[in-house]
Amino acid sequence: EGFAELEYGILRMMGAIDEHTLVVTSIHDEQLVDDIPTEKLLRHDVPVDIICTPTQIIYTNTTIPKPEGIYWDLLSPQKLAQVKVLRDLKARLEAEQGGIKLPNGPNEELPPLAVRMEKEQLRQGAQQQRSGGGRG
């Protein structure tokens, strides 16, 4: 949640894209809404230029400005901890500014990461399958 905006911000800061780069998304027809009130948008939200559904292509003709980069004051320490490229970028920018620290956003509770089985459990399961020890 919220990582698309971060990807956009990283690309802007790297100079890979600019405010004229089209932002395209794909959704189901049922997800379309007539309008999203601009007062509901946050400054890091990325407006969409083109919406593709299974039945149509919609050009939004949006005039909402796109984010100019990463808004460090909105980025929580928890989210920063999950994205190495952001940590590296922040450290580089701080070093370029003579060690002046960029702000952090407020703490947040992120959804749990996917739980992965230990390698040993995977290995044991594979061995059981090969030896016919699995249920079936």
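User: Reading along the sequence, what pattern does the chain follow?

Analyst: Quick heads-up before we start: this is a predicted model, where local features need pLDDT of at least 70, side-chain atom pairs count only at pLDDT 80 or more, and totals for chains, interfaces and linings use all residues. Residues are numbered from 1 along each chain as its sequence is written, and side-chain values use heavy atoms, with hydrogens and water left out. Helices (H or I, at least four residues) and strands (E, at least two) are DSSP runs, numbered from the N terminus. The chain has four helices and three strands, and read in order they give α-β-β-β-α-α-α.

User: What share of the chain's residues count as buried?

Analyst: Buried means under 20% relative accessible area, exposed means over 50%, and partly exposed is in between, using a 1.4 Å probe and protein chains only. The chain has 136 residues, and the buried part comes to 22%.

User: Among contacts between residues at least 6 apart in sequence, how many join residues at least 24 apart?

Analyst: A contact here is heavy atoms within 4.5 Å. Taking the chain's contacts between residues at least 6 apart, the share joining residues at least 24 apart is 64%.

User: Where is proline 106, and which residues does it touch?

Analyst: Proline 106 sits in the loop between helix 3 (84-96) and helix 4 (119-131). It counts as exposed because its relative accessible area is 56%. Its C-alpha lies 7.8 Å from that of aspartate 73, a residue 33 places away along the chain. Not counting residues up to four places away in sequence, proline 106 touches Asp73, Leu74, Ser76, Pro77 and Gln78.

User: And asparagine 107: which residues is it in contact with?

Analyst: Asparagine 107 is in the loop between helix 3 and helix 4, and it is exposed because its relative accessibility is 60%. From C-alpha to C-alpha, asparagine 107 and glutamine 78 are 6.8 Å apart, though 29 residues separate them in sequence. Setting aside neighbours within four places, the contacts of asparagine 107 are Ser76, Pro77 and Gln78.

User: Is glutamate 108 exposed or partly exposed?

Analyst: Glutamate 108 is found in the loop between helix 3 and helix 4. Neighbours within four places aside, it is in contact with Ser76, Gln78 and Lys79. Its relative accessibility is 32%, so glutamate 108 counts as partly exposed.

User: What is phi of asparagine 61 near?

Analyst: Asparagine 61 is in the loop between strand 3 (57-59) and helix 2 (77-82), and it is exposed because its relative accessibility is 67%. Most residues other than glycine have a negative phi. Asparagine 61 has a positive one, near 50°.

User: Which residue lies over the face of phenylalanine 3?

Analyst: A charge sits over a ring if NZ of Lys or CZ of Arg is within 6 Å of the ring centre and within 35 degrees of the ring normal. Here the distance from the ring centre is 5.1 Å, and the residue over the face of phenylalanine 3 is lysine 79.

User: How do the residues of the largest pocket's lining divide?

Analyst: Ala, Val, Leu, Ile, Met, Phe, Trp, Tyr, Cys and Pro count as nonpolar, Asp, Glu, Lys and Arg as charged, and the others, Gly among them, as polar. A pocket is an open set of points on a 1 Å grid over the protein atoms alone, where a 1.4 Å probe fits, with protein on both sides within 12 Å along at least five of seven lines, and lining residues have an atom within 4 Å of a point. The lining of the largest pocket divides into 15 nonpolar, five polar and five charged.
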